[in-house]
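Hi everyone, thanks for making time this morning.

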Amino acid sequence: MEFMELATDRYSVRDFAATPVGDDKIDLILKAAQVAPTAVNNQPQKLYVIKSREAMDRLTAIKPLYGAPMAIIVCYDDRISWKNSRSGNHDGGEIDCAIVTTHMMLQAWELGVGSCWIGAFSFDDVAREFGIPTNEHPVAILPLGYPSKDCRPSERHLKYRDLKEFVKTF
């Protein structure tokens, strides 16, 4: 699949089939996270792969995940994330997690596996429930699985702002 076709076709899956994702596909999705660019190549991402039914029940008690059979909690380690000294030592960990998560979403879609970026959840509750250390900061939950047969993209999926609205050339 050509990149623009992949990027345009991918949508946030909010209705998953119960079919588990095979370890071979999970490995490729994690490899996409490994090769994602990060600031100064510090690779501060920490990924918690949630596969067991018990762990998924604990996670979905905090945030419903549309029936996904598995999820990845995407965090960054503030001990190794890049700090921008030119901007008040702004921590680049969240940006790195965004890049890593996007790579995983696109790789998953190429494999026929759907995902949905979840950012609206209690970071503290997730950290506490899964024993995530205080130096690691949850940024996203990425539920993964095969779209159900009735799953469709949101009506907003193919609505784009005109390039002129957000691109300025100098």
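Let me begin with a term: a residue is called buried under 20% relative accessible area, exposed over 50%, and partly exposed in between. Please also keep in mind that this is a predicted model.

With that scale, take Val167. Is Val167 buried, exposed or partly exposed? Its relative accessibility is 44%, so Val167 counts as partly exposed. You'll find Val167 in the segment after α6, the helix covering 163-166. Together with Leu163 and Phe166, Val167 makes a nonpolar surface patch of about 310 Å².

Now let's go inside. Nonpolar side chains in soluble globular proteins tend to be buried together. Here, the largest nonpolar core has 20 residues, and the members that touch the most others are Ile29, Ile72, Met104, Val113 and Leu144. Which elements each supply at least two residues of this core? They are α2, β2 (70-77), α4 (93-110) and β6 (136-145). The largest share comes from α4, with five residues.

Let's zoom in on Ile72. Setting aside neighbours within four places in sequence, Ile72 has contacts that include Ile29, Leu30, Met104 and Leu144. Tyr48, Val49 and Ile141 are also among the contacts of Ile72.

On to the cysteines. A disulfide is a covalent bond between the sulfur atoms of two cysteines. How many disulfides are there in this model? The count comes to zero. Cys97 is buried, because its relative accessible area is 1%. Cys151 is in no disulfide either, as the nearest cysteine sulfur, that of Cys116, is 9.3 Å away. With a relative accessible area of 7%, Cys151 is buried too.

One last stop: Ser12, in the loop between α1 (3-9) and α2 (23-35). Beyond its neighbours within four places in sequence, what is Ser12 in contact with? Its partners are Ser115 and Cys116. From Ser12 to Asp124, the C-alpha to C-alpha distance is 24 Å, and the two are 112 residues apart in sequence.

Methods. Residues numbered from 1 in each chain as written. Predicted model: local features only at pLDDT ≥ 70, side-chain atom pairs only at ≥ 80, totals over all residues. Heavy atoms only, no water. Patch = residues over 30% accessible without salt bridge, like charges linked within 9 Å, V, L, I, M, F, W, Y side chains within 5 Å. Areas by Shrake-Rupley, 256 points an atom, 1.4 Å probe, with all protein chains shown as cover. Salt bridge = Lys/Arg side-chain N within 4 Å of Asp/Glu carboxyl O. Helix = DSSP H or I, 4+ residues; strand = E, 2+ residues; numbered from the N terminus. Buried < 20%, exposed > 50% of the residue type's maximum accessible area, 1.4 Å probe, protein only. Contact = heavy atoms within 4.5 Å. Core = buried A, V, L, I, M, F, W, Y, C linked by side-chain atoms within 4.5 Å. Disulfide = S-S within 2.5 Å.
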